[in-house]
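Welcome, and please take a moment to look over the sequence and the 3D view. We will then walk through a few places together.

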Amino acid sequence: MKVAVCSAHPYDRRFLQEANTTYGHELSFFDARLSEETRQMVAGFPAICAFVNDTLNDAVLAALAQQGTRLIALRCAGFNNVDLASAARHGLRVVRVPAYSPHSVAEHTLALILALNRKTHRAYNRVRDGNFSLDGLLGFELRGRTVGIIGTGRIGLATAEILRGFGCRLLAHDPYPAPECSALGAEYVTLDELYRDSDLISLHCPLTQDSFHLINTAAIGKMKRGVILINTSRGAVIDSLAVIAGLKSGHIGGLGLDVYEQEGDLFFQDLSCQVIQDDVFERLLSFPNVLITGHQGFFTAEALASIAHTTLHNVSLFEQSGACPNEVTSALVR
Ligand code: NAI
(Lines give C-alpha, C1' and ligand atoms only; values in the text may rest on other atoms or scores of the structure.)
Protein backbone atom coordinates (compact mmCIF):
# COMPACT_ATOMS: atom_id res chain seq x y z
CA MET A 1 0.00 0.00 0.00
CA LYS A 2 1.22 3.57 -0.60
CA VAL A 3 1.90 5.06 2.82
CA ALA A 4 2.82 8.70 3.52
CA VAL A 5 4.87 8.86 6.71
CA CYS A 6 4.46 12.32 8.29
CA SER A 7 6.80 13.95 10.86
CA ALA A 8 9.47 11.52 9.70
CA HIS A 9 12.81 11.69 11.50
CA PRO A 10 15.92 9.69 10.57
CA TYR A 11 15.10 7.12 13.25
CA ASP A 12 11.55 6.68 11.85
CA ARG A 13 12.96 6.04 8.37
CA ARG A 14 15.50 3.55 9.74
CA PHE A 15 13.09 1.42 11.77
CA LEU A 16 10.18 1.59 9.30
CA GLN A 17 12.43 0.70 6.34
CA GLU A 18 13.95 -2.20 8.27
CA ALA A 19 10.50 -3.54 9.22
CA ASN A 20 9.17 -2.96 5.71
CA THR A 21 11.46 -5.65 4.30
CA THR A 22 8.80 -7.99 5.77
CA TYR A 23 5.71 -6.07 4.63
CA GLY A 24 6.67 -4.54 1.28
CA HIS A 25 4.63 -1.32 1.43
CA GLU A 26 5.50 1.74 -0.66
CA LEU A 27 6.72 4.19 1.98
CA SER A 28 7.20 7.92 1.29
CA PHE A 29 8.71 10.02 4.06
CA PHE A 30 7.80 13.64 4.79
CA ASP A 31 9.75 15.66 7.36
CA ALA A 32 6.87 18.07 7.94
CA ARG A 33 4.17 17.65 10.51
CA LEU A 34 0.70 17.00 9.10
CA SER A 35 -1.48 20.09 9.53
CA GLU A 36 -4.01 22.18 7.67
CA GLU A 37 -1.11 23.91 5.93
CA THR A 38 0.71 20.72 4.88
CA ARG A 39 -2.21 18.39 4.06
CA GLN A 40 -1.59 18.83 0.31
CA MET A 41 1.76 17.04 0.58
CA VAL A 42 0.01 13.71 1.24
CA ALA A 43 -2.63 14.04 -1.49
CA GLY A 44 -3.39 10.72 -3.16
CA PHE A 45 -1.94 8.47 -0.44
CA PRO A 46 -4.49 5.83 0.67
CA ALA A 47 -2.67 5.48 4.02
CA ILE A 48 -1.16 8.17 6.23
CA CYS A 49 1.24 7.20 9.00
CA ALA A 50 1.05 9.87 11.72
CA PHE A 51 2.65 10.55 15.11
CA VAL A 52 1.62 12.27 18.35
CA ASN A 53 1.85 15.90 17.24
CA ASP A 54 0.41 15.57 13.74
CA THR A 55 -2.89 17.43 13.50
CA LEU A 56 -5.85 15.21 12.70
CA ASN A 57 -8.73 17.57 13.35
CA ASP A 58 -11.95 17.84 11.38
CA ALA A 59 -10.50 20.17 8.72
CA VAL A 60 -7.48 17.94 8.06
CA LEU A 61 -9.51 14.71 8.11
CA ALA A 62 -12.11 16.13 5.71
CA ALA A 63 -9.32 17.15 3.33
CA LEU A 64 -7.57 13.79 3.62
CA ALA A 65 -10.79 11.91 2.81
CA GLN A 66 -11.34 14.16 -0.19
CA GLN A 67 -7.73 13.54 -1.31
CA GLY A 68 -8.27 9.76 -1.37
CA THR A 69 -6.98 8.68 2.05
CA ARG A 70 -8.76 5.73 3.67
CA LEU A 71 -6.50 4.79 6.58
CA ILE A 72 -4.73 6.71 9.37
CA ALA A 73 -2.04 4.46 10.83
CA LEU A 74 -0.86 6.04 14.08
CA ARG A 75 2.63 4.96 15.08
CA CYS A 76 1.89 5.59 18.76
CA ALA A 77 -0.47 4.42 21.50
CA GLY A 78 -2.22 7.72 22.36
CA PHE A 79 -4.88 8.96 19.93
CA ASN A 80 -5.95 12.20 21.62
CA ASN A 81 -4.79 14.16 18.54
CA VAL A 82 -7.41 12.46 16.33
CA ASP A 83 -11.00 13.68 16.07
CA LEU A 84 -12.49 10.18 16.00
CA ALA A 85 -16.06 11.29 15.37
CA SER A 86 -14.90 13.29 12.36
CA ALA A 87 -12.80 10.34 11.08
CA ALA A 88 -15.89 8.11 11.25
CA ARG A 89 -17.99 10.76 9.50
CA HIS A 90 -15.48 10.96 6.66
CA GLY A 91 -15.15 7.18 6.35
CA LEU A 92 -11.55 7.18 7.56
CA ARG A 93 -10.37 4.22 9.59
CA VAL A 94 -7.82 4.76 12.35
CA VAL A 95 -5.39 2.14 13.67
CA ARG A 96 -2.70 2.51 16.33
CA VAL A 97 0.02 0.65 18.21
CA PRO A 98 -1.70 -0.03 21.53
CA ALA A 99 1.34 -1.59 23.20
CA TYR A 100 4.95 -1.70 22.14
CA SER A 101 7.16 -1.58 25.14
CA PRO A 102 5.53 -0.18 28.24
CA HIS A 103 8.91 -0.81 29.91
CA SER A 104 10.53 1.91 27.78
CA VAL A 105 8.23 4.59 29.22
CA ALA A 106 8.25 3.07 32.71
CA GLU A 107 12.07 3.04 32.78
CA HIS A 108 12.17 6.64 31.58
CA THR A 109 9.74 7.55 34.35
CA LEU A 110 12.23 6.09 36.83
CA ALA A 111 15.07 7.99 35.14
CA LEU A 112 13.15 11.23 35.76
CA ILE A 113 12.35 10.30 39.36
CA LEU A 114 15.92 9.34 40.21
CA ALA A 115 17.56 12.28 38.43
CA LEU A 116 15.14 14.79 39.92
CA ASN A 117 15.42 13.41 43.44
CA ARG A 118 19.23 13.06 43.47
CA LYS A 119 19.74 16.16 41.27
CA THR A 120 21.88 14.21 38.80
CA HIS A 121 21.29 16.78 36.05
CA ARG A 122 22.64 19.54 38.27
CA ALA A 123 25.52 17.42 39.57
CA TYR A 124 26.59 16.60 36.00
CA ASN A 125 26.99 20.28 35.15
CA ARG A 126 28.65 21.13 38.46
CA VAL A 127 31.32 18.44 38.20
CA ARG A 128 32.12 19.38 34.60
CA ASP A 129 32.60 22.91 35.88
CA GLY A 130 34.96 21.81 38.66
CA ASN A 131 32.31 22.50 41.31
CA PHE A 132 32.26 19.58 43.75
CA SER A 133 30.05 21.23 46.35
CA LEU A 134 27.10 19.12 47.54
CA ASP A 135 25.00 22.04 48.74
CA GLY A 136 21.57 21.88 47.14
CA LEU A 137 21.94 18.28 45.95
CA LEU A 138 20.26 16.62 48.95
CA GLY A 139 17.86 13.82 47.98
CA PHE A 140 15.82 11.21 49.83
CA GLU A 141 15.59 7.42 49.78
CA LEU A 142 12.78 5.99 47.70
CA ARG A 143 12.59 2.98 49.99
CA GLY A 144 9.54 3.31 52.23
CA ARG A 145 8.16 6.35 50.38
CA THR A 146 4.56 6.40 49.19
CA VAL A 147 4.11 6.66 45.44
CA GLY A 148 0.72 7.36 43.86
CA ILE A 149 0.17 6.02 40.37
CA ILE A 150 -2.69 7.52 38.37
CA GLY A 151 -3.61 5.15 35.55
CA THR A 152 -2.57 1.53 36.02
CA GLY A 153 -2.71 0.27 32.45
CA ARG A 154 0.35 -1.15 30.73
CA ILE A 155 2.79 1.65 31.56
CA GLY A 156 1.43 2.38 35.04
CA LEU A 157 1.72 -1.31 35.89
CA ALA A 158 5.30 -1.56 34.55
CA THR A 159 6.19 1.52 36.62
CA ALA A 160 4.58 0.01 39.70
CA GLU A 161 6.63 -3.17 39.24
CA ILE A 162 9.89 -1.20 39.22
CA LEU A 163 8.87 0.98 42.17
CA ARG A 164 7.96 -2.08 44.19
CA GLY A 165 11.55 -3.23 43.65
CA PHE A 166 12.68 0.04 45.23
CA GLY A 167 10.64 -0.80 48.34
CA CYS A 168 8.00 1.91 47.84
CA ARG A 169 4.48 1.79 49.22
CA LEU A 170 2.16 1.93 46.22
CA LEU A 171 -1.16 3.72 45.97
CA ALA A 172 -3.13 3.58 42.74
CA HIS A 173 -6.10 5.22 41.11
CA ASP A 174 -7.83 4.02 37.96
CA PRO A 175 -11.53 3.76 37.06
CA TYR A 176 -10.72 0.19 36.00
CA PRO A 177 -8.45 -1.30 38.72
CA ALA A 178 -6.02 -3.97 37.51
CA PRO A 179 -5.75 -7.17 39.57
CA GLU A 180 -2.04 -7.41 38.53
CA CYS A 181 -1.43 -4.08 40.24
CA SER A 182 -3.18 -5.14 43.42
CA ALA A 183 -1.10 -8.35 43.30
CA LEU A 184 2.01 -6.15 43.48
CA GLY A 185 0.70 -4.80 46.77
CA ALA A 186 -0.72 -1.55 45.41
CA GLU A 187 -3.77 -0.21 47.19
CA TYR A 188 -6.51 1.35 45.04
CA VAL A 189 -7.71 4.56 46.69
CA THR A 190 -9.71 7.64 45.75
CA LEU A 191 -7.87 10.50 44.06
CA ASP A 192 -8.18 12.60 47.21
CA GLU A 193 -6.58 9.85 49.31
CA LEU A 194 -3.81 9.41 46.73
CA TYR A 195 -3.13 13.16 46.72
CA ARG A 196 -3.16 13.30 50.52
CA ASP A 197 -0.75 10.43 51.17
CA SER A 198 1.71 10.35 48.24
CA ASP A 199 5.28 11.67 48.45
CA LEU A 200 5.53 11.22 44.72
CA ILE A 201 2.80 11.10 42.08
CA SER A 202 3.29 9.62 38.62
CA LEU A 203 0.75 10.11 35.81
CA HIS A 204 0.03 7.25 33.39
CA CYS A 205 -3.54 7.88 32.24
CA PRO A 206 -4.45 8.86 28.69
CA LEU A 207 -5.59 12.37 27.84
CA THR A 208 -9.39 12.36 27.74
CA GLN A 209 -12.11 14.84 28.60
CA ASP A 210 -11.99 13.46 32.16
CA SER A 211 -8.24 13.72 32.58
CA PHE A 212 -7.77 17.13 30.91
CA HIS A 213 -6.12 19.36 33.56
CA LEU A 214 -6.67 16.65 36.17
CA ILE A 215 -3.71 18.17 38.00
CA ASN A 216 -5.07 21.67 38.59
CA THR A 217 -4.97 24.16 41.46
CA ALA A 218 -7.57 22.26 43.50
CA ALA A 219 -5.77 18.92 43.06
CA ILE A 220 -2.38 20.42 43.95
CA GLY A 221 -3.93 21.95 47.07
CA LYS A 222 -4.83 18.43 48.24
CA MET A 223 -1.28 17.10 47.80
CA LYS A 224 1.45 16.87 50.44
CA ARG A 225 3.70 19.91 50.62
CA GLY A 226 6.91 19.06 48.76
CA VAL A 227 5.30 16.37 46.57
CA ILE A 228 7.22 15.29 43.49
CA LEU A 229 5.10 15.16 40.35
CA ILE A 230 6.03 13.16 37.26
CA ASN A 231 4.19 13.24 33.94
CA THR A 232 5.14 10.89 31.11
CA SER A 233 1.56 10.52 29.83
CA ARG A 234 0.20 13.54 27.94
CA GLY A 235 0.97 17.20 28.62
CA ALA A 236 -2.56 18.49 29.07
CA VAL A 237 -3.24 16.13 31.99
CA ILE A 238 -1.43 18.88 33.90
CA ASP A 239 -2.51 22.53 34.04
CA SER A 240 0.93 24.09 33.53
CA LEU A 241 0.00 27.44 35.10
CA ALA A 242 -1.33 25.73 38.23
CA VAL A 243 1.87 23.72 38.49
CA ILE A 244 4.01 26.85 38.10
CA ALA A 245 2.08 28.43 40.99
CA GLY A 246 2.63 25.24 43.02
CA LEU A 247 6.36 25.31 42.30
CA LYS A 248 6.64 28.99 43.23
CA SER A 249 4.90 28.45 46.56
CA GLY A 250 7.00 25.36 47.30
CA HIS A 251 3.91 23.14 47.49
CA ILE A 252 5.36 21.11 44.64
CA GLY A 253 8.89 20.03 45.53
CA GLY A 254 9.90 18.71 42.13
CA LEU A 255 8.48 18.28 38.66
CA GLY A 256 9.60 15.78 36.04
CA LEU A 257 8.01 16.09 32.61
CA ASP A 258 8.41 14.13 29.41
CA VAL A 259 5.33 15.77 27.89
CA TYR A 260 4.00 19.31 27.81
CA GLU A 261 0.59 20.66 26.82
CA GLN A 262 1.92 22.89 24.01
CA GLU A 263 4.69 20.48 22.98
CA GLY A 264 3.48 20.38 19.36
CA ASP A 265 5.26 23.66 18.65
CA LEU A 266 8.49 22.58 20.34
CA PHE A 267 9.29 18.92 20.65
CA PHE A 268 10.99 16.66 18.10
CA GLN A 269 12.87 19.56 16.47
CA ASP A 270 16.18 21.36 17.00
CA LEU A 271 15.24 24.89 18.08
CA SER A 272 18.57 25.58 19.77
CA CYS A 273 19.29 28.59 17.54
CA GLN A 274 15.83 30.11 17.91
CA VAL A 275 14.16 32.23 20.55
CA ILE A 276 11.52 30.07 22.20
CA GLN A 277 8.26 32.03 22.22
CA ASP A 278 6.44 29.88 24.77
CA ASP A 279 6.76 31.81 28.05
CA VAL A 280 5.06 29.12 30.12
CA PHE A 281 7.57 26.52 28.96
CA GLU A 282 10.46 28.91 29.58
CA ARG A 283 9.16 29.63 33.10
CA LEU A 284 9.02 25.89 33.79
CA LEU A 285 12.62 25.53 32.62
CA SER A 286 13.74 28.28 34.98
CA PHE A 287 13.05 26.25 38.15
CA PRO A 288 16.00 24.36 39.66
CA ASN A 289 13.66 21.53 40.67
CA VAL A 290 12.11 20.93 37.25
CA LEU A 291 13.51 18.39 34.82
CA ILE A 292 12.04 18.21 31.32
CA THR A 293 12.72 15.78 28.51
CA GLY A 294 11.19 16.16 25.04
CA HIS A 295 8.80 13.20 24.81
CA GLN A 296 11.48 10.53 24.70
CA GLY A 297 9.88 7.97 27.01
CA PHE A 298 9.14 5.67 24.07
CA PHE A 299 12.55 6.22 22.49
CA THR A 300 14.35 2.88 22.75
CA ALA A 301 15.51 0.56 19.99
CA GLU A 302 13.12 -2.13 21.25
CA ALA A 303 10.11 0.18 21.21
CA LEU A 304 10.89 1.69 17.79
CA ALA A 305 11.32 -1.74 16.21
CA SER A 306 8.07 -2.93 17.76
CA ILE A 307 6.19 0.26 16.74
CA ALA A 308 7.42 -0.07 13.14
CA HIS A 309 6.37 -3.73 12.88
CA THR A 310 2.91 -3.22 14.40
CA THR A 311 2.26 -0.11 12.28
CA LEU A 312 3.09 -1.87 9.02
CA HIS A 313 1.27 -5.03 10.10
CA ASN A 314 -1.83 -2.87 10.81
CA VAL A 315 -1.59 -1.44 7.28
CA SER A 316 -1.24 -4.95 5.78
CA LEU A 317 -4.27 -6.25 7.70
CA PHE A 318 -6.35 -3.28 6.60
CA GLU A 319 -5.23 -3.75 2.99
CA GLN A 320 -5.93 -7.49 3.00
CA SER A 321 -9.17 -7.70 4.97
CA GLY A 322 -10.37 -4.19 5.77
CA ALA A 323 -10.27 -5.14 9.46
CA CYS A 324 -7.64 -4.70 12.16
CA PRO A 325 -7.75 -5.54 15.87
CA ASN A 326 -5.81 -2.34 16.59
CA GLU A 327 -8.52 -0.11 15.16
CA VAL A 328 -9.36 2.94 17.27
CA THR A 329 -13.03 3.82 17.67
CA SER A 330 -14.80 6.14 20.07
CA ALA A 331 -15.70 3.04 22.12
CA LEU A 332 -12.05 3.02 23.29
CA VAL A 333 -12.43 6.44 24.91
CA ARG A 334 -13.47 5.44 28.40
P1 NAI B 1 -3.32 1.89 28.80
O2 NAI B 1 -4.52 2.12 27.97
O3 NAI B 1 -2.74 0.52 28.90
O4 NAI B 1 -3.61 2.40 30.30
C5 NAI B 1 -4.22 3.62 30.62
C6 NAI B 1 -4.93 3.43 31.95
O7 NAI B 1 -5.39 4.73 32.37
C8 NAI B 1 -6.15 2.51 31.84
O9 NAI B 1 -6.08 1.52 32.84
C10 NAI B 1 -7.34 3.46 32.07
O11 NAI B 1 -8.42 2.83 32.74
C12 NAI B 1 -6.69 4.52 32.94
N13 NAI B 1 -7.41 5.80 32.94
C14 NAI B 1 -8.17 6.34 31.97
N15 NAI B 1 -8.65 7.52 32.38
C16 NAI B 1 -8.21 7.72 33.64
C17 NAI B 1 -8.38 8.75 34.60
N18 NAI B 1 -9.13 9.84 34.33
N19 NAI B 1 -7.78 8.62 35.80
C20 NAI B 1 -7.04 7.53 36.09
N21 NAI B 1 -6.83 6.52 35.22
C22 NAI B 1 -7.41 6.62 34.01
O23 NAI B 1 -2.23 2.93 28.26
P24 NAI B 1 -0.65 2.86 28.46
O25 NAI B 1 -0.02 2.08 27.36
O26 NAI B 1 -0.34 2.49 29.86
O27 NAI B 1 -0.26 4.39 28.20
C28 NAI B 1 -0.69 5.41 29.09
C29 NAI B 1 -0.46 6.75 28.44
O30 NAI B 1 0.95 6.98 28.34
C31 NAI B 1 -0.94 6.84 26.96
O32 NAI B 1 -2.29 7.15 26.86
C33 NAI B 1 -0.09 7.91 26.41
O34 NAI B 1 -0.76 9.14 26.59
C35 NAI B 1 1.18 7.89 27.28
N36 NAI B 1 2.36 7.45 26.54
C37 NAI B 1 3.49 8.23 26.62
C38 NAI B 1 4.64 7.87 25.95
C39 NAI B 1 5.90 8.67 26.06
O40 NAI B 1 6.81 8.49 25.21
N41 NAI B 1 6.04 9.55 27.04
C42 NAI B 1 4.66 6.69 25.10
C43 NAI B 1 3.46 5.89 25.15
C44 NAI B 1 2.34 6.29 25.84
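Is C6 buried or exposed? At 0% relative accessibility, C6 counts as buried. Please keep in mind throughout that this is a predicted model.

**Cysteines**

How many disulfides does the structure hold? The count is zero. For C6, the closest cysteine sulfur belongs to C49 and sits 7.7 Å away, too far for a bond. A disulfide needs two cysteine sulfur atoms within 2.5 Å. C168 is in no disulfide either, as the nearest cysteine sulfur, that of C181, is 13 Å away. C168 is buried, with a relative accessible area of 10%.

**The ligand and its surroundings**

Now turn to the ligand. Around the ligand there are 24 residues, and the closest are Y100, R154, I155, D174 and T232. By kind, the shell divides into nine nonpolar, ten polar and five charged residues.

| Residue | Part of the residue | Distance to a ligand oxygen atom |
|---|---|---|
| R154 | backbone N or O atom | 3.0 Å |
| D174 | side-chain N or O atom | 2.6 Å |
| F298 | polar backbone atom | 3.0 Å |

How much of the ligand does the protein bury? Taken alone, the ligand exposes 870 Å², and the protein buries 89% of that.

**A histidine in a loop**

Where does H204 lie? Look in the loop between β9 (200–203) and α9 (217–221). H204 is buried, with a relative accessible area of 10%; buried here means under 20%. The side chain of H204 also joins that of S202 through a polar contact of 2.8 Å.

**Helix α12**

Helix α12 covers residues 301–321, which makes 21 residues.

Which residues of α12 are buried? They are A303, L304, I307, A308, T310, T311, L312, N314, V315, S316 and F318.

Note on methods: Residues numbered from 1 in each chain as written. Predicted model: local features only at pLDDT ≥ 70, side-chain atom pairs only at ≥ 80, totals over all residues. Heavy atoms only, no water. Buried < 20%, exposed > 50% of the residue type's maximum accessible area, 1.4 Å probe, protein only. Helix = DSSP H or I, 4+ residues; strand = E, 2+ residues; numbered from the N terminus. Expected span 1.5 Å × (residues − 1). Near = heavy atom within 4 Å. Polar contact = N/O pair within 3.5 Å; in protein donor to acceptor, adjacent residues only side chain to side chain. Areas by Shrake-Rupley, 256 points an atom, 1.4 Å probe, with all protein chains shown as cover. Nonpolar A, V, L, I, M, F, W, Y, C, P; charged D, E, K, R; others polar.
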